Amino acid sequence: TVLFITVGLLFFRSTKDAINSSKEKELITLAQETSNKIERYMFERYGDIQVMASSPLLKSDAVDKNLKVDYLNSVRKAYNAYDYILIADTFGNVELYSGELNNDRRYKEVVSGVLSGKTVVSDFIYFEDINSYGVYYAAPILDNQSNIKGAVIERMNFNAILDIVENVKLG
C-alpha cells in the first residue's frame, strides 16, 4: 500500500510539473505571438505615413485642398486606426485635416523631428480628449527639389491594439 501511494504521489507530481511546464510554454508562445501582432500593426502604420508623405496628391500645390481632404478621409476610414490625419506647414500650423482634432496641439512635438527630414514615431501618449493612449506618426512632405514643404501627421488610436490584446485566448 505504501508503495502504491508513493508511486501515485510521484506520478501526480511529475504530471503536475509536466502540465505546469506545458502551460508556461503556451503562455510564452501566446505572449510572443501577441507581441508580434502588435509590432506588425505598428509597422503597417509606419508604412501608411511613408505612403502618404510620398503621395503626389499631397505633394502637389496644384491639387485642390478638398481632394486632399477626401484622400485623407478615405485613408482614415479604410484603416480605422487614426483619430485624425493632418497636413501641417513647416511651422506646424494645420493646413488641412481629416478627423477630430479636439484642440489637440501635442502633434507639434513631432514637427521638429520631421523638419530635420526624419519620419517620427512618438512614444505612447495619453490623450485626455479621448481618455486613451495613442501614437503620433509623422513624415516630411518634400517638393520636387527635395525641400521639406510640410508634414503629414497621423494620430493613431489604441483601439486596434486593445482588440489584439482582448482577443488573446489561452487554449
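Me: Which residue lies over the face of Y41, and at what distance from the ring centre?
Reply: This is a predicted model, where local features need pLDDT of at least 70, side-chain atom pairs count only at pLDDT 80 or more, and totals for chains, interfaces and linings use all residues. Residues are numbered from 1 along each chain as its sequence is written, and side-chain values use heavy atoms, with hydrogens and water left out. A charge sits over a ring if NZ of Lys or CZ of Arg is within 6 Å of the ring centre and within 35 degrees of the ring normal. Over the face of Y41 the residue is R45, and the distance from the ring centre is 4.5 Å.

Me: Which ring has the charged end of R155 over it?
Reply: The charged end of R155 lies 4.2 Å from the centre of a ring. That ring belongs to F127.

Me: How many aromatic pairs does a search of the whole structure find?
Reply: Rings of Phe, Tyr and Trp (its six-membered ring) pair if their centres lie within 6.5 Å; planes under 30 degrees apart count as stacked, over 60 as edge-to-face and the rest as tilted. Searching the whole structure gives a total of four.

Me: What kind of pair do F124 and F158 form?
Reply: A pair of aromatic rings is described by the distance of the centres and the angle of the planes. For F124 and F158 the centres are 5.4 Å apart. Their planes stand at 90°, so the pair is edge-to-face.

Me: How many residues apart in sequence are the parts that the pair of F124 and F158 ties together?
Reply: Helices (H or I, at least four residues) and strands (E, at least two) are DSSP runs, numbered from the N terminus. F124 lies in the loop between β3 (120-121) and β4 (125-127). F158 lies in the loop between β6 (148-157) and α5 (159-166), so the parts tied together are apart by 34 residues.

Me: Is F158 buried or exposed?
Reply: Buried means under 20% relative accessible area, exposed over 50%, partly exposed in between (1.4 Å probe, protein chains only). F158 has a relative accessible area of 18%, so F158 is buried.

Me: What kind of pair do Y126 and Y133 form?
Reply: Their ring centres are 5.2 Å apart. The planes of Y126 and Y133 are at 70°, so the pair is edge-to-face.

Me: Which residues form one aromatic cluster?
Reply: F124 is partly exposed at 42%, and Y133 is partly exposed at 41%. Y126 is partly exposed too, at 34%. The cluster is made of F124, Y126, Y133 and F158.
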